[in-house]
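Open the model in your viewer and keep the sequence panel beside it. This tour goes from stop to stop, saying what to select and what is there.

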Amino acid sequence: MPYFDTASTAPLHPVARQALAAALDEGWADPARLYREGRRAALLLDAAREAAAEAVGCRPDELVFTPSGTQAVHSGVAGALAGRRRTGRHLVVSAVEHSSVLHAADVHAAAGGSVAQVPVDRTGAVTAGGYADALTASTALACLQSANHEVGTVQPVAEVADVCAEAGVPLLVDAAQSLAWGPVEGAWSVLAASAHKWGGPPGVGLLAVRKGVRFSPQHPADERESGRFPGFVNLPAAVAAAASLRAVRAEAEAEAARLRVLVDRIRRRVARLVPDVEVVGHPDRRLPHLVTFSCLYVDGETLLHELDKAGYSVSSGSSCTSSTLTPSHVLRAMGVLSEGNVRVSLPPGTTAEDVNGFLEVLPGAVARVRAALGSPESEPVEPVADSVEVDALGLRCPQPVIELARAVRTVPVGGTVTVVSDDEVARLDVPAWCSLRGHDYLGEEPRPQGTAYTVRRRT
């Protein structure tokens, strides 16, 4: 059964499994103790730290192990902000950061700090100029992911790092999605990563803080992990994480070239096989194993269930799969279609047969979901009015857009349709639908219930 959600978590690498088993036998003792079992454990921990630091591109004494990638992010953000509190309390992040970074920013704002979000374009990319505009004299820290976790867009970290360095602001990089493929380029200051993203065991994070960066850990310190993170290190898991990182990095160049061919096939074929699909993310500057697309008039959760029944495990940023009924903040920031969103992230070893099988079942799965919702464009309709208003209150994604698509056929070219919806997703998907279908989005206005979105028919 093909597993296509390695961006969430990668299957345990065979090297990680072997290293974990060996370290459980050899590295169970306290590495801080001087007897032989402790010395043996300390040697294993030192070797793991050196291997991880080599992969990251930092000194071993700059890197510590944490209980998770999220803990590494939270500790990195809090420690860097505290270390530069005399400079100010201004934090800069991109609008598409992982939720762990945004949650840390929320905590900072709740404590009285200020946060600026740098916008992205429709491919999900920031610009160095965007960061330059956001930095102020009171900026204590800037954060930028190396590559986006939902659409795969690789960010210009080196250029942003140069802008930050010129302003004297440290840059924290969330490298969780990209570290398996290579070190992060540029003069970053703090880096966080998560082992389960590259096939290491869950429950291990990496936090690297460059020498010279002002950093003040915001938790009680002890003698372990250079005082940057307290508590007994899960040594067997850390050993397995470092060993698997070294293993996947050794395979990265060849595997990236192979997976990029398969992802390119998906990007090309999806648009040909399935009508009304938007492939999102940067077409070239992207991770080699990840592709994301959104399907018009599709319930994302139902589509994921259809693909699961066909044997394919994929992920989604669609609001239809979210308990909050709001789309992914990444898709929202990009301004792209969110309904029927599918993220495919291929693990190492994925074959052409696996991808071909997915492409064979996808069109039928999408067609079944659309048929269940009712196709809005199946039969020609004669225009009946110059202006139509549609009540979509109480309807959830993708139904408001389906109702809009039905109504726009009842007005002549140049006529307008207003859809009234209380679904927050409509704010994103109505403009995205206009872009896909070639109509004019005229804007929105509040109503006593919900919001009215107006569209002018162009074709």
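The model is predicted. A search of the whole structure finds 22 salt bridges. Side chains of opposite charge can pair when their charged atoms come close. The tour begins with a few of these pairs.

**Stop 1: R343 and D5**

Select R343 and D5 and show their side chains. They meet in a salt bridge, with 2.8 Å from N to O. R343 belongs to strand 10 (residues 341-345) and D5 to the segment before helix 1 (14-26), so the pair ties together parts that are 338 residues apart in sequence. Are these two residues buried or exposed? Both R343 and D5 are buried.

**Stop 2: R286 and D264**

Next, select R286 and D264. Their side chains form a salt bridge of 2.3 Å, N to O. R286 is in the loop between strand 8 (277-280) and strand 9 (290-295), while D264 is in helix 7; the two are 22 residues apart, and the pair links distant parts of the chain. R286 has a relative accessible area of 6%, so it is buried. D264, at 24% relative accessibility, counts as partly exposed.

**Stop 3: R368 and E306**

Now select R368 and E306. The closest N and O atoms of this salt bridge are 2.9 Å apart. Which parts of the chain does the pair tie together? R368 lies in helix 10 (residues 352-373) and E306 in helix 8 (residues 300-309), so the joined parts are 62 residues apart in sequence. R368 is partly exposed at 45% relative accessibility, whereas E306 is buried at 15% relative accessible area.

To end the salt bridges, select R59, D61 and K211 together. These residues are linked in a network of salt bridges.

**Stop 4: a cluster of rings**

The structure holds three aromatic pairs. Select F4 and Y312 to see one of them: the pair is tilted, with 5.8 Å centre to centre and 45 degrees between the planes. F4 is in the segment before helix 1 and Y312 in the loop between helix 8 and helix 9 (329-334), and they are 308 residues apart. F4 is buried, with a relative accessible area of 1%. Y312 is also buried, with a value of 9%.

Y312 and F358 form an edge-to-face pair, 5.7 Å centre to centre with 65 degrees between the planes. F358 sits in helix 10, 46 residues from Y312 in the chain. Both Y312 and F358 are buried. With F4, Y312 and F358 all shown, you are looking at a cluster linked by ring pairs.

**Stop 5: helix 2 against helix 7**

Show residues 36-56 and 235-273 as cartoon. These are helix 2 and helix 7, which pack at an angle of about 35 degrees with their axes 9 Å apart. Helix 2 passes helix 7 in a left-handed crossing. On the helix 2 side, the contact is made by A41, L44, L45, A48, A51, A52, E54 and A55. On the helix 7 side, select L235, A238, V239, A242, L245, R246 and R249. What classes of residue make up this contact? There are twelve nonpolar residues, no polar ones and three charged ones.

**Stop 6: L141**

Select L141, which is in strand 4 (residues 139-145). L141 is buried, with a relative accessible area of 0%. Leaving aside residues up to four places away in sequence, L141 touches V77, A80, L81, H90, L91, V92, V169, P170 and L172. For V169, the C-alpha atom is separated by 5.8 Å from that of L141, although the two residues are 28 apart along the chain.

**Stop 7: backbone details**

The peptide bond from C397 to P398 is cis, with omega near 5 degrees. P398 is in the loop between strand 11 (387-391) and helix 11 (399-408).

Then select D276, in the loop between helix 7 and strand 8. Its phi is near 55 degrees, a positive value in a residue other than glycine. D276 is partly exposed, with a relative accessible area of 23%.

Is Y297 buried or exposed? Y297 is buried, with a relative accessible area of 4%.

Technical notes: Residues numbered from 1 in each chain as written. Predicted model: local features only at pLDDT ≥ 70, side-chain atom pairs only at ≥ 80, totals over all residues. Heavy atoms only, no water. Axes fitted to C-alpha atoms, helices over the stretch in contact; angles between N-to-C directions. Helix = DSSP H or I, 4+ residues; strand = E, 2+ residues; numbered from the N terminus. Left-handed = near helix turned anticlockwise from the far one by under 90°. Contact = heavy atoms within 4.5 Å. Nonpolar A, V, L, I, M, F, W, Y, C, P; charged D, E, K, R; others polar. Salt bridge = Lys/Arg side-chain N within 4 Å of Asp/Glu carboxyl O. Buried < 20%, exposed > 50% of the residue type's maximum accessible area, 1.4 Å probe, protein only. Phe/Tyr/Trp six-rings, centres within 6.5 Å; stacked < 30°, edge-to-face > 60°.
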